[in-house]
Amino acid sequence: WRSHALDSELKVRRLLPPGLTEGEQQKVAFRKGLDFIKDHPRLTLRRAVIKAANVWGLEREVVGVLLKRGYGKPERVTVLSVTSAILGVYVLTILGGITGLSFAFTKPGQAMPFHLFLSALAVFFTVAHAVTSGHPRYHLPLIPLFSVYTAHAWTIRQKVWKGRQSWTFNVTLLLAGLLFAIWTREIFFVE
């Protein structure tokens, strides 16, 4: 969203001694990171939760560049149209994908290992980036898979509607509510 706002040299490298090779910089940075985690466990946990949420954040990079006039001076209607299209498609894909995946678990069979694998992959991506550098671009490799589950949700929409009282629907609502809270925070509470 605002990754272009800081000069890359101001982000981390100024904290490292000058004249180090790339490998030496990595070692020093890793050591400093572990020291920080040891000295500030609560702050580290808080940041990890925020970074995990950021992984599933809204697709705002292009919108941010448009607003900063990185692509020239677009008309207001262009910015609104691009923003609506990007956010709308992303929200529908993720919510539809969660619905399709949740309801796929109700049907045991040969596809179950794939459903479990995708779920584990989504959790792995989230946890891995929660402890490193959570950014919405890290969910991009999962979007095609979520798109397949969104299509699945569309094909079983009557089953989804009839299953409103099932545990599957409750799991879907819980995850959708969590994402809604994340997205609301991003829009209204983050500078």
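**Stop 1: a surface patch**

Select Trp167, Val171, Leu175 and Leu178. Together they form a nonpolar patch on the surface, with about 380 Å² of accessible area. Patch members have over 30% relative accessible area and no salt bridge; like charges are joined within 9 Å, and nonpolar side chains (Val, Leu, Ile, Met, Phe, Trp, Tyr) within 5 Å. A salt bridge here is a side-chain nitrogen of Lys or Arg within 4 Å of a carboxyl oxygen of Asp or Glu. Areas come from the Shrake-Rupley method with a 1.4 Å probe, and for residues only the protein chains shown count as cover.

This is a predicted model: local features need pLDDT of at least 70 and side-chain atom pairs pLDDT 80 or more, while totals for chains, interfaces and linings use all residues. Residues are numbered from 1 along each chain as its sequence is written, and side-chain values use heavy atoms, without hydrogens and water.

Leu178 is in helix H9. Leu178 counts as exposed because its relative accessible area is 52% (buried is under 20%, exposed over 50%, partly exposed in between; 1.4 Å probe, protein chains only).

**Stop 2: the second largest pocket**

Select Trp56, Ile98, Ala122, Phe146 and Leu175. Of the 21 lining residues, these lie nearest the centre of the second largest pocket. The volume of this pocket is about 480 Å³. On a 1 Å grid over the protein atoms alone, a pocket is an open set of points where a 1.4 Å probe fits, with protein on both sides within 12 Å along at least five of seven lines; lining residues have an atom within 4 Å of a point. Points are joined across faces, edges and corners, and the volume is the space filled by probe spheres set on them.

Colour H3 (41-55), H5 (76-104), H6 (112-130) and H9 (167-188). Each helix supplies at least two lining residues. H9 gives the most, with six. By type, the lining has 18 nonpolar residues, three polar and no charged (nonpolar: Ala, Val, Leu, Ile, Met, Phe, Trp, Tyr, Cys, Pro; charged: Asp, Glu, Lys, Arg; polar: the others, Gly among them).

**Stop 3: the H4–H5 loop**

Go to the loop between H4 (61-67) and H5, where Pro74 lies. Pro74 is partly exposed because its relative accessibility is 22%. Arg69 has a positive phi of about 60°, although it is not a glycine.

**Stop 4: helix H2**

Select Ala29, in H2 (residues 22-39).

**Zoom out**

The protein has nine helices and zero strands (DSSP runs numbered from the N terminus: helices H or I, at least four residues; strands E, at least two). The C-alpha atoms fill a box of roughly 65 × 45 × 30 Å along the principal axes. Of the 191 residues, 31% are buried.
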